[in-house]
Amino acid sequence: MKPVYLTALLITCLSLKALHAQQKGAASGQQLFATNCSACHGADGRGGERAPNIATTRRVVALTDNDLESTVKNGLPSVGMPSFGFLGAEKISNVVAYLRVLQGKNIVVSVPGDAAAGRTLFYGKADCAKCHMMHGEGGFLASDLSTYGSNVKPEQARHAIVDPGSSLEPTAKAIELETRTGQHISGSLRQEDNFNIAIQTPDGRFHLYKKAELARILHTSTPIMPVDYGAKLTQKELDDIVSYLITTASPSAQHARRRSSDADE
């Protein structure tokens, strides 16, 4: 096996293991949160009479897990929050894992398929990497999917794959240009104003044209992404790709990649 593939396989395995640990921790943290935190912060974390909203307040959501764990452990005496150091490191970590679920930042989901097989499909049969980037690997024409699965449910990801034309942004539609010299160019829209237009072609190159130089500009309703994945891939293969998208975007996967990178140095 190639070193790059072995590294990717290791990351996937570590990610799956860490994701299962995260799910277990959040489940335990739910009861701990209910017992120790909900009386002040509310059962949903959105605040109560004695403590503020910690589920949707941007300042709190932006804190790192380490910062949150430190706050739970040491408390905030200046605002009346007691210390919960008596819970111990593992339970405090579980409380923070559940808080992340309330925040919607790290949704705990049960992935429907095999993430490792999904990675093989992403770079192989499904050819997703031809257009999409994933953690530095892949194409440039379509959106970077490195973090796409972090806050998406499996059914949403599946729908986006089998019906890509259901809700398209302008940059996700194919655009066709014809110059006054008869040259035809197609790709995805990157920028447009009254005088200029920029597109990106499948080879990753950007092309900027003055509109006065063009004979025709056709904004199509056709998605850049293939529309036949529902027929091209089996139900299991779709589940596997969805699992890969969700698992590789999780914080546990990011941690696993850092560990792998550190090990390679």
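How many nonpolar, polar and charged residues does the lining of the largest pocket have, by class? The legends below begin with this pocket. The model is predicted, and local features need pLDDT of at least 70, side-chain atom pairs count only at pLDDT 80 or more, and totals for chains, interfaces and linings use all residues. Residues are numbered from 1 along each chain as its sequence is written, and side-chain values use heavy atoms, with hydrogens and water left out.

**View 1. The largest pocket and its lining.** The lining has 24 nonpolar, 9 polar and 6 charged residues. Here Ala, Val, Leu, Ile, Met, Phe, Trp, Tyr, Cys and Pro count as nonpolar, Asp, Glu, Lys and Arg as charged, and the others, Gly among them, as polar. A pocket is an open set of points on a 1 Å grid over the protein atoms alone, where a 1.4 Å probe fits, with protein on both sides within 12 Å along at least five of seven lines; lining residues have an atom within 4 Å of a point. The volume, the space filled by probe spheres set on the points, which are joined across faces, edges and corners, is about 930 Å³. Of the 39 lining residues, H132, A142, S143, P164 and M225 lie nearest the centre of the pocket. Two or more lining residues come from each of α7 (154–162), β4 (184–192), α8 (229–232) and α9 (235–248). Helix α7 gives the most, with 5 residues. Helices (H or I, at least four residues) and strands (E, at least two) are DSSP runs, numbered from the N terminus.

**View 2. The largest nonpolar core.** Such a core is a set of buried Ala, Val, Leu, Ile, Met, Phe, Trp, Tyr and Cys residues joined through side-chain atoms within 4.5 Å; buried means under 20% relative accessible area (1.4 Å probe, protein chains only). Among its 19 residues, F122, I161, I241 and L245 touch the most other members. Helices α6 (115–123), α7 and α9 each supply at least two residues, and α9 has the largest share, 6 residues.

**View 3. Residue L245.** This residue of helix α9 is buried, with a relative accessible area of 4%. Beyond four places in sequence, L245 is in contact (heavy atoms within 4.5 Å) with F122, M134, L145, Y148, G149 and I161. The C-alpha atoms of L245 and R119 are separated by 8.3 Å, although these residues are 126 residues apart along the chain.

**View 4. Helix α5.** The buried residues of α5 include I92, V96, L99 and Q103. After α5 comes G104, with a positive phi near 75 degrees.

How values were computed: Buried < 20%, exposed > 50% of the residue type's maximum accessible area, 1.4 Å probe, protein only.
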